[in-house]
Amino acid sequence: MKKTLLKLGVACLLLGVTSMVNAQEKAAKLHTYVMEHPYEVQQILPPKGKKVKNVILMIGDGMSLMHVYSAWTANRGKLFLDNAQAIGLSKTYCADKLITDSGAGGTAMAIGQKTKYHSVGVDVNGNPQPSLITLAKQKGMSAGVAVTCRLWDATPADFCCHDVDRDNEYGIIADYVECDADYVVGGGAEKFVNRPDGRDIFKELEAKGYQVARSWEECQALEGGRIFAVTEPRDTPLPAERGDRLAASALKGMDIMDKNKKGFFMMIEGSQLDDYGHFNDLDLLMQETHDFDRTVGKVFEWAAKDGETLVIVTADHETGGLTLVDGDLSKGEIQCRFSTTSHSGVMVPVYAFGPGAENFTGMYENSDIFHKIVKLLKLNK
Ligand SMILES: [Zn+2]
């Protein structure tokens, strides 16, 4: 009996050791990133007033706390995001799936309802719903979008278009003609013209009173009015090549729309955090996260000076299952593993800065972000 137990013990031990080795072999590849040139981060004090005239919603696509903490470590323990006054947690699951995509994740924030996976701007029954952009416009406010991706991609589409299938790219692009946003900057020119339906969306936008810019330089030269800038055939260039384009396009829109006495709503997206999470490319992921953080810094600075602008920074879901497993804060070195090339299920952070920021503390549904904004801007009255 004793012998049998002993044999069983040895067998279990061996099995345990082998499974540990297997698990280690299977554990995802270790990625190391060192940030050679950290950037300076200034303290930005929130304004003292209470009035919320403008709301800016910034979405880091696929950005979890792990992305933020990794980026913070790489930049030697500082980020512009640290200036946020209030922090909350958003639950990202969608109507028919635990792990959402950017279609359903962004739509929940855009229309205030959880919807089905892969849907943009429609409810669970596929009915188009007014987004924060539509509601702001109906109140006489201005509204805009600045992203670094193709405009048929899910996040901008969540706010401007309506489709049960985010892959219906030509249909989604055509929806921009009816969106009524005052300022749109993104990529994706190849699906505005030479379309299967023969439509020229650029011409249709011009007929609606937009000044259409086909490059970033053309967009920069425009000084006011309604602007629709589609600067690339697909996505904008890599973060290192495009410089501070996201921040510049955001600030340009804010300056122009700020002329509206009734205020404005704007959605700004760090679009490609998600792509680099899918590729498990830590280097590009950190570059994109830092670009997004520097954009957050510029937007916070603008909002601090303005005094009546609330800025919310959040994500639609996590991408890559990023885990920081080791690193060195003083050297800006991070060692990370990814657990998936898809999205993962975790609450995402919500940072708020400016008047009304206190409304964003606590834990809530992603769709509540819409309702909080609607209440603060009195869009329902
Ligand atoms: Zn994704």
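Predicted model: local features only at pLDDT ≥ 70, side-chain atom pairs only at ≥ 80, totals over all residues.
User: Let's start with the metal. Which residues are the protein donors of the zinc ion?

Analyst: The donors come from D274, H278 and H343.

User: Where do D274 and H278 sit, and what separates them?

Analyst: Both are in helix α11, residues 273-278. They're four residues apart there, so about one helical turn separates them.

User: Is D274 buried or exposed?

Analyst: D274 is buried, with a relative accessible area of 11%. The cut-off for buried is under 20%, so 11% qualifies.

User: What about H278, buried or partly exposed?

Analyst: H278 has a relative accessible area of 25%, so that residue counts as partly exposed.

User: Is the zinc site tetrahedral or irregular?

Analyst: Irregular: the angles among the four donor atoms run from 57 to 155°.

User: New topic. Which residues are buried in helix α6?

Analyst: In α6, residues 169-179, the buried ones are I172, I173, A174, Y176, V177 and C179.

User: What covers them?

Analyst: The cover includes helices α4 (132-138), α5 (154-160) and α7 (201-207), plus strand β7 (227-230).

User: What comes just after α6?

Analyst: D180 does, and its phi is positive, about 75°.

User: Now α10 and α12. At what angle do they pack?

Analyst: Helix α10 (residues 245-257) packs on helix α12 (residues 282-306) at about 25°, and their axes are 9 Å apart. Angles under 35 degrees count as roughly parallel, so α10 is roughly parallel to α12.

User: Is the crossing left-handed or right-handed?

Analyst: α10 passes α12 in a right-handed crossing.

User: Which residues meet there?

Analyst: From α10 you have L246, A247, L251, M254 and D255. On the α12 side they meet D291, F292, T295, K298, V299 and W302.

User: Last one: where is N127?

Analyst: N127 is in the loop between α3 (102-111) and α4. Its relative accessibility is 39%, so N127 counts as partly exposed.

User: What is N127 in contact with?

Analyst: Setting aside neighbours within four places in sequence, N127 contacts G121 and V122.

User: And how far apart are N127 and H162?

Analyst: They're 35 residues apart in sequence, and 8.1 Å apart in space, C-alpha to C-alpha.

Conventions: Residues numbered from 1 in each chain as written. Heavy atoms only, no water. Donors = N, O, S within 2.8 Å, 3.2 Å for Na, K, Ca; no water. Tetrahedral: all angles 85-135°; square planar, octahedral: opposite > 155°, others 65-115°. Helix = DSSP H or I, 4+ residues; strand = E, 2+ residues; numbered from the N terminus. Buried < 20%, exposed > 50% of the residue type's maximum accessible area, 1.4 Å probe, protein only. Contact = heavy atoms within 4.5 Å. Axes fitted to C-alpha atoms, helices over the stretch in contact; angles between N-to-C directions. Parallel < 35°, antiparallel > 145°, perpendicular 65-115°, else oblique. Left-handed = near helix turned anticlockwise from the far one by under 90°.
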